[in-house]
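Let's take a friendly walk through the inside of a protein model. Please have a look at the structure below before reading on.

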Amino acid sequence: MHIELIIVRHGQSEGNRDRVFTGHGPSPLTERGRREAEAVARRIMEKPVTAIYASDLPRALETAAPLVEKSGVPLVADPALRERNFGDLTGTSFADIEARHPDVWRALLARDPLFRPPGGESNVDCRTRIAGFVEGLFARGVEGRIVLVSHGVAINQLLYHLLGVPSEQPPPVVFRVDNCSVQRVERHEDTVRILCINDRGHLEGLT
């Protein structure tokens with residue numbers, strides 16, 4: 001079995017621009033985000049794709065749309081690819097949390113894997129969800145070039161899973177995953193190869 005995962009973070013959203021916890025909340029792409037989505041679609045379409053899966057949140061669906069149009073491959077939206085749910089923090093700016101809830105801010109900065117914001121998910125919860133989706137693809141013997149459009153925290157958690165990083169301790173590294181960057185992972189038989197992380201060459205010169 002050979003599968004290549006093309007893992008894409010969504011384009012710049014209003015929440016990214018405004019430095020707000022968005023989580024499962026709605027946050028459409030900015031104009032820049034829409035240009036990023038077009039650019040990453042052109043890059044991915046240098047080779048045919050087999051399937052396209054995306055988080056069902058608006059910013060991920062908007063990002064996937066140009067790729068669906070260019071490829072003719074139908075989109076499958078799945079909530080398992082959503083961002084970490086930040087619960088009651090959703091819609092609150094980073095600065096407000098840091099100033100008004102320093103204990104919460106410290107737990108977030110420490111990447112405490114078990115910390116759950118009120119009404120939200122822990123990093124372990126998020127990892128279990130997105131890793132379960134990908135392991136389901138592997139178990140079904142899916143092959144080919146598969147695109148996943150997801151979110152920054154969720155993609156980090158998926159990478160930790162694929163690398164076998166223990167789930168219940170703070171991660172030893174944090175991956176930079178920029179808007180509309182590409183992460184490429186191959187799985188051949190039982191071997192996983194990380195081919196690239198945060199590839200954003202297709203965004204050079206974008207204004």
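## A space inside

Which residues line the largest cavity? They are V8, V40, I44, T63, A64, L67, V147 and V149. This is a predicted model, in which local features need pLDDT of at least 70 and side-chain atom pairs count only at pLDDT 80 or more, while totals for chains, interfaces and linings use all residues. Residues are numbered from 1 along each chain as its sequence is written, and side-chain values use heavy atoms, with hydrogens and water left out.

The structure holds 1 cavity of 30 Å³ or more, and the space in the largest cavity is about 40 Å³. On a 1 Å grid over the protein atoms alone, a cavity is a set of points where a 1.4 Å probe fits but cannot get out, a pocket is an open set with protein on both sides within 12 Å along at least five of seven lines, and lining residues have an atom within 4 Å of a point. Helix α3 (58–71) gives the largest share of the cavity lining, 3 residues. By class, this lining has 7 nonpolar residues, 1 polar and no charged (Ala, Val, Leu, Ile, Met, Phe, Trp, Tyr, Cys and Pro count as nonpolar, Asp, Glu, Lys and Arg as charged, and the others, Gly among them, as polar).

## The nonpolar cores

The largest nonpolar core has 26 residues, and L5, Y53, F133, L137, I146 and L148 have the most contacts inside it. Such a core is a set of buried Ala, Val, Leu, Ile, Met, Phe, Trp, Tyr and Cys residues joined through side-chain atoms within 4.5 Å. At least two residues each come from β1 (2–9), β2 (51–54), α6 (123–139), β4 (144–150) and α7 (152–163). A second, separate core has 18 residues, including I6, A39, V147 and V182.

## Aromatic pairs

A search of the whole structure finds 5 aromatic pairs. Rings of Phe, Tyr and Trp (its six-membered ring) pair if their centres lie within 6.5 Å; planes under 30 degrees apart count as stacked, over 60 as edge-to-face and the rest as tilted. The ring centres of Y53 and F133 are 5.3 Å apart and the planes are at 75 degrees, so this pair is edge-to-face. Y53 in strand β2 and F133 in helix α6 are 80 residues apart. Y53 is buried, with a relative accessible area of 12%, and F133 is buried at 11% (buried means under 20% relative accessible area, with a 1.4 Å probe and protein chains only).

Y160 and F175 have ring centres 5.7 Å apart and planes at 35 degrees, so they form a tilted pair. Both Y160 and F175 are buried. Elsewhere, F21, F86, F94 and W105 form one aromatic cluster.

The largest pocket holds about 1,000 Å³ of space. Of its 42 lining residues, E83, F94, R111, G152 and V153 are the closest to its centre. Helix α7 gives the most to this lining, with 5 residues. The classes here are 19 nonpolar, 13 polar and 10 charged residues.

The second largest pocket has a volume of about 160 Å³. Among the residues lining this pocket are E4, R43, K47, R184 and D199. Its lining has 3 nonpolar residues, no polar ones and 7 charged.

Methods: Buried < 20%, exposed > 50% of the residue type's maximum accessible area, 1.4 Å probe, protein only. Helix = DSSP H or I, 4+ residues; strand = E, 2+ residues; numbered from the N terminus. Points joined across faces, edges and corners; volume = space filled by probe spheres on them.
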